[in-house]
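Q: Hi! I'm new to this one and would like a friendly tour. Can you put it up for us?

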Amino acid sequence: MKHALIKAATLAPMLAGALLAGTSPVLAKTAYDGVWLFDDTPPTPGVTMMQITSKGGKIAGSVTTKWYGPVEMMNPHIEGGVLKFEARNLNDRDHPTRSWSVAIEDGHAHLKGRIWESEVDSTGRPGTAKDAKARAFQFTALPAMGTPIPSKLAATPPMGWSSWNKFAEHIDDKTVRAMADAMVSSGLRDAGYIYINIDDGWQGERDAKGVLQPNAKFPDMKALTAYVHSKGLKIGIYSSQGPKTCAGYIGSYGHVKQDADTYADWGFDYLKYDLCSGEWFYADADTVKRSYYEMGKALQEAGKRTGRDILFSLCEYGRFDVGSWGRDVGGQLWRTTGDITDDYPTMAKIGFDKNGNPAWAGPHGWNDPDMLEIGNGGMSADEYRTHMSLWAMSAAPLMMGHDLREMSAETLAMLTNRRVIAVDQDALGVQGKAVRKAGTMEVWSKPLADGRVALALFNRGDAPAPLALAPADAGLAAIDSVEDVWSGARSAALPAGYQVPARGVVMVVVHGAEAS
């Protein structure tokens, strides 16, 4: 990866140096040679320029984008009067490269290709070396890893609300304030949900000094954070280490310390840092770690300067065993997977199979299987109870993702069940895991700080099914008390068996004599 980055970083100036200076059109050795400027192209990947040189029949070139910087042409050659080349691709094991082409049509360059999910079909006009200099991508150096960053934040998994699942990038100041109001009036704040997090879509442009300004939807960030704080809540914000965020807004690339200072000065308490376009530049374990360390260190320094602790949420989709190093870069939680969606198969795949190594979780550092979908309407009540139970048994952050103003009484009761929340927030901080599987059934166990054990019976099948619990599931010799976590019903012994709804759950907390 380092070799590829060096080549990308040096390619643009080499190409520009091979072109004529000044404002006159560049003389071409082939019809393709020179600078080609692309205006008003689709924002993803945001093609701005193409540079091509040739010498003795050997062609070299790159396509500059707003998302990925210069994309190097691999094996460029002319075939049937058309310039063809391969280019690196992302997130597609079947297509590590993609085929691109350039055709000259009426004196313009018609560029066609694909990178990840973005199709490119744009026409560029001839440019000059001066234009190339103006549009050159500005690379930034990545600092080395330093000593681990200590943290005493997030003794238990963070709880709150995030804008993305319901609103995506269509979020604004008014809606954030309304969510804060609803968090209080609904009783969610008193149940433990503290953070109001703005995800992608708040960013505007950088000013002349490089300071990132919010867009028109957020007229005054300091006033917004003050309002949320006045409700007894905390507030979070979002960025990426890449040039562009996942929704195509300005990222922190080249402005990491500056952005950390801005968030602290505005009064934010939480940062979600999403890899997004940064995965082009940081594609191996070393560079990904260092990119998160850079922001973690910057947040630590900004916190010391302002007296404000900022929770650091890492979002790089569970790559490179993130839980084994997340604390070292200043993180308190780290995503274990790609995005959740509001359907049972996706939720179950993440919750059962992609929720992180339990050994990595504990006080001040948590595996994060993504936000809650409860209340968004894509699952049944039984499926949502499974969702909530899985996250609680996993000691996962509980970040709601629905419209807090419109939830039903059933949704509110599910999210504020104090016994379920207590399992999630247990001070021992152990992530539960499956201890027994039988067909579509799974039994999970999670030891608690008071000596009791939480047990969950999950039915992953499409029909109701019976299953009995045994003291051994909790690591006990005998059980003398049972509390149903969802209903609150208590008994002195386990029943002969449970009937578990399709895609549903039974969750209990038990106490008894330890096995010898």
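A: Happy to. One term to begin with: buried means under 20% relative accessible area, exposed means over 50%, and partly exposed is in between (1.4 Å probe, protein chains only).

Q: Okay, so is E483 buried or exposed?
A: E483 has 11% relative accessibility, so it counts as buried. E483 is found in strand β24, residues 476–484. Helices (H or I, at least four residues) and strands (E, at least two) are DSSP runs, numbered from the N terminus.

Q: What kind of model is this, and how are residues numbered?
A: It is a predicted model: local features need pLDDT of at least 70, side-chain atom pairs count only at pLDDT 80 or more, and totals for chains, interfaces and linings use all residues. Residues are numbered from 1 along each chain as its sequence is written, and side-chain values use heavy atoms, with hydrogens and water left out.

Q: Back to E483, what does it touch?
A: Not counting residues up to four places away in sequence, E483 touches R419, R452, G488, A489, R490, M507, V508 and V509. Contact here means heavy atoms within 4.5 Å. The side chains of E483 and R490 are also joined by a polar contact of 3.5 Å. A polar contact is a pair of N or O atoms within 3.5 Å; within protein, one must be able to donate a hydrogen and the other to accept it, and residues adjacent in sequence count only if both atoms are side-chain atoms.

Q: Zooming out, how many helices and strands does the chain have?
A: There are 13 helices and 27 strands. The radius of gyration is 26 Å, close to the 24 Å that the globule rule gives for 516 residues, so the chain is as compact as a globular protein of that length. That radius is taken over C-alpha atoms, and the rule is 2.2 Å times the number of residues to the power 0.38.

Q: How much of the chain is buried?
A: Of the 516 residues, 53% count as buried. Among contacts between residues at least 6 apart in sequence, 66% join residues at least 24 apart.

Q: Which residues have the most contacts inside the largest nonpolar core?
A: They are M50, L111, Y193, W202, M295 and M388, in a core of 115 residues. Helix α9 (residues 285–306) gives the largest share of this core, seven residues. A second, separate core of 18 residues includes V443, V453, A465 and V510. A nonpolar core is a set of buried Ala, Val, Leu, Ile, Met, Phe, Trp, Tyr and Cys residues joined through side-chain atoms within 4.5 Å.

Q: And what does Y193 touch?
A: Beyond residues up to four places away in sequence, its contacts include M183, M388, L398 and M400.

Q: M388 again! Where else does that residue turn up?
A: M388 is one of the buried residues of α11, along with others including H387, L390 and W391. Helix α11 covers residues 381–393 and reaches 18 Å from its first C-alpha to its last, close to the 18 Å expected at 1.5 Å a residue. The expected span is 1.5 Å times one less than the number of residues.

Q: What comes after α11?
A: Just after α11, A395 takes a positive phi of about 50°. P397 lies in the loop between α11 and β19 (398–400). At 1% relative accessibility, P397 counts as buried, and its contacts include P157, P158, W366 and W391.

Q: Switching to α4, which residue caps its N-terminal end?
A: D172 does, with a side-chain oxygen 3.3 Å from the backbone nitrogen of K174. The buried residues of α4 include V176, M179 and M183, and just after the helix G187 takes a positive phi of about 90°.

Q: Last topic: where is R206, and what does its side chain reach?
A: R206 is in strand β12 (residues 203–206). Its side chain reaches the backbone oxygen of G251 at 2.9 Å, and a polar atom of the R206 side chain lies 2.9 Å from the backbone oxygen of G210. R206 and H255 are 49 residues apart in sequence and 9.9 Å apart in space, C-alpha to C-alpha.
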